[in-house]
Every structure is written in structure tokens, then in C-alpha cells.
Amino acid sequence: MKKILILNGPNLNMLGTREPEIYGHQTLDDIEVLCAEKAKSLEFGIDFRQSNHEGELVTWIQEARGTAGGVIINAAAYTHTSVAIHDALKLLDCPIIEVHLSNPKEREEFRHFSYIESVASAVIAGHGAAGYEMALEELKKVLR
Ligand code: DQA
């Protein structure tokens, strides 16, 4: 069974109370449950993580090299700033799907650029928590 690493960046641990008009009312725990259920139906295992620290995310990405079947990443604010996460993702040989709850391209200009986009097989944005389920489905297609 392929193991999918699902990474969440800074402030996503605050979902549920953080700007619910933008990010919805579901907590990150709720999203993990959704992902676990969807993954089970697709015969994937998941490793679901969150960190507020760029270096920790980089280390987890490095560790995924050769072990993860795919990576789903919502790098949150690091999407728009992190060359380090971009470089780490380039080390991987498995498919990468970029996910956002909101659609950053329709928000402030400083959110329009993504360091993840150029290394991702697909970007799913603006679908709320369902975007994570869509990302798992996309991986199923890509890995077929
Ligand atoms: C986000 C969008 C980012 O611009 C923002 O910094 C986040 C969340 C999203 O899921 O919509 O923290 O990645």
C-alpha cells in the first residue's frame, strides 16, 4: 500500500477559529479524518503532519525521499516565500500535489506567486477541505 505524506504549514493548526470566512469551520483534525477516510477508499496509507517551522517541513520532505508514494502539501504562507521548501521538493521522485483551502491567486497580490507550483504535478485551490480529498484522487490517477 502506497503511503502518502500530507504536509501542512504554519497556522493551519489554528483552522476552525482562524478566519473561518476564508478557511471554513473545519479544524485540521477534521481534515485529517476526511483524508484518512478518502485514503482508505483509494487504498492509500497516510502520514498527516503540520508544522509552524520551515526547517521541520524541509526535514520531513527530505525523509520522504524514497519512502513516500506521493506528497500533498499545503505549505500555507511558506508557499509564497520558501525557496528551501521548493528545493527540498525537487529532491523527491514521487508526485507532488499543491493544495490550498482558499484560492491565493484571487487574494492579495503577495499570495499570487507560489514556490511550490513549479514542482507540483497539480494545484488544487479554492475548494476548502474537499481539496485534500481531490488531491488524493488526483494522486490515484497519476500513480495508476
Ligand atoms: C493557504 C493560503 C495561503 O496564502 C495562506 O498563507 C495560508 C493558507 C490556504 O490553504 O488557503 O496560510 O495555504
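Student: How far is an oxygen atom of the ligand from an N or O atom in the side chain of S102?
Tutor: This is a predicted model. A polar contact needs a pair of N or O atoms within 3.5 Å. The pair formed by a ligand oxygen atom and a side-chain N or O atom of S102 is separated by 2.6 Å.

Student: Which residue places a backbone N or O atom 2.8 Å from a ligand oxygen atom?
Tutor: The shell around the ligand includes H100, L101 and S102. For S102, the atom concerned belongs to the side chain. The backbone atom at 2.8 Å belongs to L101.

Student: What distance separates a ligand oxygen atom from an N or O atom in the side chain of R111?
Tutor: R111 is one of the residues surrounding the ligand. Its side chain supplies the N or O atom, and the distance to the ligand oxygen atom is 3.0 Å.

Student: How much of the ligand's accessible area does the protein cover?
Tutor: On its own, the ligand has 320 Å² of accessible area.

Student: What is the volume of the largest cavity?
Tutor: The whole structure has one cavity of 30 Å³ or more. The ligand takes up the space of the largest cavity. Its volume is about 130 Å³.

Student: Which residues lie closest to the centre of the largest cavity?
Tutor: The lining has 13 residues. They divide into six nonpolar, four polar and three charged. Closest to the centre are Y23, A76, H100, S102 and R107.

Conventions. Residues are numbered from 1 along each chain as its sequence is written. This is a predicted model: local features need pLDDT of at least 70, side-chain atom pairs count only at pLDDT 80 or more; totals for chains, interfaces and linings use all residues. Side-chain values use heavy atoms; hydrogens and water are left out. A residue is near a molecule or strand if one of its heavy atoms lies within 4 Å of it. A polar contact is a pair of N or O atoms within 3.5 Å; within protein, one must be able to donate a hydrogen and the other to accept it, and residues adjacent in sequence count only if both atoms are side-chain atoms. Accessible areas come from the Shrake-Rupley method with a 1.4 Å probe; for residues, only the protein chains shown count as cover. On a 1 Å grid over the protein atoms alone, a cavity is a set of points where a 1.4 Å probe fits but cannot get out, and a pocket is an open set with protein on both sides within 12 Å along at least five of seven lines; lining residues have an atom within 4 Å of a point. A molecule sits in a cavity or pocket if more than half of its atoms lie within 2 Å of its grid points. Grid points are joined across faces, edges and corners, and a volume is the space filled by probe spheres set on the points. Ala, Val, Leu, Ile, Met, Phe, Trp, Tyr, Cys and Pro count as nonpolar, Asp, Glu, Lys and Arg as charged, and the others, Gly among them, as polar.
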